[in-house]
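Thank you all for coming. I would like to walk you through one structure this morning, beginning with a single residue and then moving on to a sheet.

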Amino acid sequence: MPTSSMIEPEIPTDVNPIPASSYLSFLSKDAKARKPSPIRGLFPLEQTPGVISLLAGKPNAALFPFTSVQFTAPPSGADASGSEQTLLKVDDDLLAMGLQYAPTSGIAPMVEWLTEFQEQEHARRKSEGWRVSVTAGSQDALYKAIQALVDPGDPVLIEKPVYAGVIPIFEALHCEMIEVETDAEGLNSLSLRETLENWPSSKPKPKVLYTIPYGCNPTGATTSLMRRKEALDLSRKHNFLILEDDPYYFMYFGTRPRIASYFMLEAQTGDRSVGRVLRFDSFSKILSSGIRMGFVTGPAPLLDAIDRHTAIANLQPSSFSQAIILTLLRSWGRQGFLAHVQTVAAFYRAKRDVFEAAMRRHLHDIAEWNTPEAGMFFWFRLLLGENGDSESVIRTKAFEGGVLALPGTVFFPNGARTTYVRASFSLLEEEQVNEALRRLRVVMLKEKEDLKGQ
Ligand SMILES: Cc1ncc(COP(=O)(O)O)c(C=O)c1O
C-alpha cells in the first residue's frame, strides 16, 4: 500500500513566499484587534540567561501530585490489541513541561518534532515563512482560523456537502456560504472556477476555501491531483486561502500512490508562490480522539493570529497531552509513526470492505455510492425517486426500525433536500453491519411502497 514513508520527495528550493504584509488583508477585524497577551507575550524572555522571572502566575510544581507517568503502547506498526507492549515513561523534563503552563503554540520539543515531520512529509522548508502550532484537536484550530480570517457577513467557499462541524462556525458569523460542487473526485474545480469567474465585480471576493482533501467527511471522496492543482491555481489567481482540513490524511488506503497535499503542492506548482495554504492535522483518528490534540501548519502571520485567540480563549493546548504524545512519538520515531498509520489505514480498509460487501448484499438495488479510499464514511444515495428525502426516512423511520445514521441534510447549510445518507464504518463488526443494513433495507422497501401510493 502506498504510504508517505515510501515517498521522500525532494524539497524544492525556488519557492516564492508571499510577503508577510499581504496577510493584513486576509485577517478579520477581530484578529487585527486582538493584542498579544501581556503575560504570555513575555514568556520567551524567561529563557534569557541570567534573568530572574517574577512574571507568570505559575503554580509551584513541587505541589503537583504527579511524580511519574508511564504507559504502555504497542511497538510501532503493531496492532494496539496485540500482546506485545512496551512500557514508556514520560521523561522527567518532559513531565515538568507537561504539568505546567506552557507556550501558547505548544511545548518547544513537540513543535520541533512536528515541524521536522511536516518538512519531510510535505517537502517544505521552515525557512519559507511557515510554522506549526499545536491545538486542542483540529476543530479548535478550525474555529480559531475561521475567526481570524472571516468577518461577519463575508462570503466563504465551502464544499457541497460540507463537514457539519464547520457550518455553525460560519453561521454564527452570518457568512454567505458559497457551495462548490463535489463528486467522486472530490472538490470540483470547474465549479470553483465558474463561481469565481462569474463573481459580481461589485462584491468582495471570498478570502477562504474550506476543503477536506482526503476521505472527505461526509462524502468519503479524495480530491484528485488535477483538481488540487486547479484549485491552487485559482487560489493564486483570485487570491484566496485554502483551509486544508485533513484529519483523514493518514487514513488513506487507496491502491494508487498518495496524492500530495495542498501544502506540498503549492511549493511545486505554478509560480511556486507559497503561503496560501493553512493545513489542519489531527491525532484524533490515529492516536486518540480524547487526548484532544491536533496541529495547524501555515504562514506565520496567520498562526500568530490563531495563537492570539488561543491565548485569550484557553491559554494553550494541554501540555500534558503533548508530553504523552511526544513520549510515544520519540519512542517510535518518524518511521515508526508512519508504520503505525499504515496499520491504522489497513484496518479501515478492511472495515470499508466489510461494509461495502454488506451494502452490495442489502442495498444493491436501493442505493448508489462511490467507494471511499480514505477515512471512515460511506456517502450513499437512496434511490427514492423524485419525491424522496433521506431526512424523514433516516432520522425517524430508520431509527424506529433500529438503525441510526445521518441524513444528508445536516451537511447542506442552505437547506437542500437530499436523498444522501452518511454511514460510518469505523466501529461495527461484520455481523452488526449486516444487521444494520438489513434493517435499513426493510425501512427502505416500505418507504418505496409508501411513495408509490402517493
Ligand atoms: C473533517 C473534520 N474536521 C475536523 C474534525 C475535528 O477533529 P478533531 O477531533 O481533531 O478536533 C473532524 C472530526 O470528525 C472532521 O471530520
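Let me begin with Arg441, which lies in helix α12, residues 430-452; helices here are DSSP runs of H or I of at least four residues and strands are runs of E of at least two, numbered from the N terminus. This is a predicted model, in which local features need pLDDT of at least 70, side-chain atom pairs count only at pLDDT 80 or more, and totals for chains, interfaces and linings use all residues. Residues are numbered from 1 along each chain as its sequence is written, and side-chain values use heavy atoms, with hydrogens and water left out.

Leaving aside residues up to four places away in sequence, Arg441 touches His362, Leu363, Asp365 and Ile366, where contact means heavy atoms within 4.5 Å. With His362, a polar atom of the Arg441 side chain lies 2.6 Å from the backbone oxygen.

Turning to the sheet, we have an open one of 8 strands with mixed pairing, in the order β4-β12-β11-β9-β8-β5-β6-β7, and two strands pair if DSSP finds at least two bridges between them. Its edge strands are β4 (130-135) and β7 (186-187), each of which pairs on one side only. Strands β9 (residues 241-245) and β11 (residues 277-282) run parallel and are joined by 4 bridges, and Ile242 stands opposite Val277 in β11.

Finally, which strands does helix α9 lie across? Helix α9, residues 300-313, lies across β4, β9, β11 and β12.

Conventions: A polar contact is a pair of N or O atoms within 3.5 Å; within protein, one must be able to donate a hydrogen and the other to accept it, and residues adjacent in sequence count only if both atoms are side-chain atoms. Axes are lines fitted to C-alpha atoms, for helices over the stretch in contact, and angles run from 0 to 180 degrees between N-to-C directions.
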